[in-house]
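Biologist: Can you bring up the model? I have some things to ask about it.

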Amino acid sequence: MTGPRAPEGDDYSATVLGSHWFSGPPVAPVAPEVAPDRVEGSVLRFGPGVTAAIPAPFPLVVAAVAAPRRRRLAGLRRYALAAVVLTAVLAYLGWQRFGPDIEVRDVAVTTGPQGPSCDATADVVAVVGTNGRPGTLTYRWVRSDGTRSEELTERVPRGQREARLHLLWSFRGTGNYPARAELQLLSPGQRTAAVDFTYRCSP
């Protein structure tokens, strides 16, 4: 018994088998490697319509966002207010230090209305009003008994608007004696002020 004859022809090969001769699972074809079609920031997108995102292999650099203009303007306003306050303080200090000299506004002289009693001392007080600037007052006292003091000075500190100058006049003996004490302000400017009183001492 003879088997079937092999087909004749030059293109026949006994080693070539059809796919139906394989009993194992079908082998999936290997897809060729696909290069990314574009790069958008840190995401690589592959192929048309593919939405899967793959992180970029390099670190992402985020640009710093500039501060809003409103915040900058508020900061400038704060600095401007501080500058105005500082300028005002410096101007005041400069005026206090280098401003006008002391100026006398008024002068008044007083003593006790009843006058001194027997063998007592009268306290005569001159009140000199100033403009509050620092300076020196130069003055003398002149009494009605013909005596006068030497030139005296009183230093007035900054901010003090009033200076009190005292004359102590002592009396002895009995009788009544009308007295007058006068303040002569020599500088700054020239002013005079006086007070009259009576010394009384009955025997």
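The chat below covers a sheet, some salt bridges and the backbone.

Modeller: Keep in mind that this is a predicted model.

Biologist: Fine. In what order do the strands of the open sheet run, S7 through S10?

Modeller: The open sheet has four strands in the order S7-S6-S9-S10, and the pairing is antiparallel. Strand S7 (152-156) and strand S10 (191-201) are the edge strands; each has a single partner strand, so one side of each has no neighbour in the sheet.

Biologist: By how many degrees are neighbouring strands turned against each other?

Modeller: On average 25 degrees, with direction ignored.

Biologist: How many bridges hold the S9 and S10 pairing?

Modeller: Eleven bridges, in the antiparallel sense, with S9 covering residues 175-187. Gly175 sits opposite Cys201 in S10.

Biologist: Switching to side chains. How many salt bridges are there?

Modeller: The count is five salt bridges. One of them joins Arg180 and Asp196, with 3.1 Å between the closest N and O atoms. That pair links distant parts of the chain: Arg180 is in strand S9, Asp196 is in strand S10, and they are 16 residues apart.

Biologist: Why does Asp196 count as exposed?

Modeller: Its relative accessibility is 53%, and exposed means over 50%. Arg180 has a relative accessible area of 37%, so Arg180 is partly exposed.

Biologist: What does Arg143 pair with?

Modeller: Arg143 meets Asp145 in a salt bridge, 2.8 Å from N to O. Arg143 is partly exposed at 23% relative accessibility, and Asp145 is partly exposed at 34%.

Biologist: And Glu162, which residue is its salt bridge partner?

Modeller: Arg164, with the closest N and O atoms 3.5 Å apart. Glu162 is partly exposed, at 38% relative accessibility.

Biologist: Now the backbone. Is the peptide bond from Ser187 to Pro188 cis or trans?

Modeller: The bond is cis, with omega near 0 degrees. Pro188 is in the loop between S9 and S10.

Biologist: What is phi for Asp119?

Modeller: Near 50 degrees, which is a positive value in a residue other than glycine. Most residues other than glycine have a negative phi, and most peptide bonds are trans.

Biologist: Where does Asp119 lie?

Modeller: Asp119 is in the loop between strand S4 (104-110) and strand S5 (121-130). With a relative accessible area of 45%, Asp119 is partly exposed.

Conventions:
Residues are numbered from 1 along each chain as its sequence is written. This is a predicted model: local features need pLDDT of at least 70, side-chain atom pairs count only at pLDDT 80 or more; totals for chains, interfaces and linings use all residues. Side-chain values use heavy atoms; hydrogens and water are left out. Two strands pair if DSSP finds at least two bridges between them. Helices (H or I, at least four residues) and strands (E, at least two) are DSSP runs, numbered from the N terminus. Axes are lines fitted to C-alpha atoms, for helices over the stretch in contact, and angles run from 0 to 180 degrees between N-to-C directions. A salt bridge is a side-chain nitrogen of Lys or Arg within 4 Å of a carboxyl oxygen of Asp or Glu. Buried means under 20% relative accessible area, exposed over 50%, partly exposed in between (1.4 Å probe, protein chains only).
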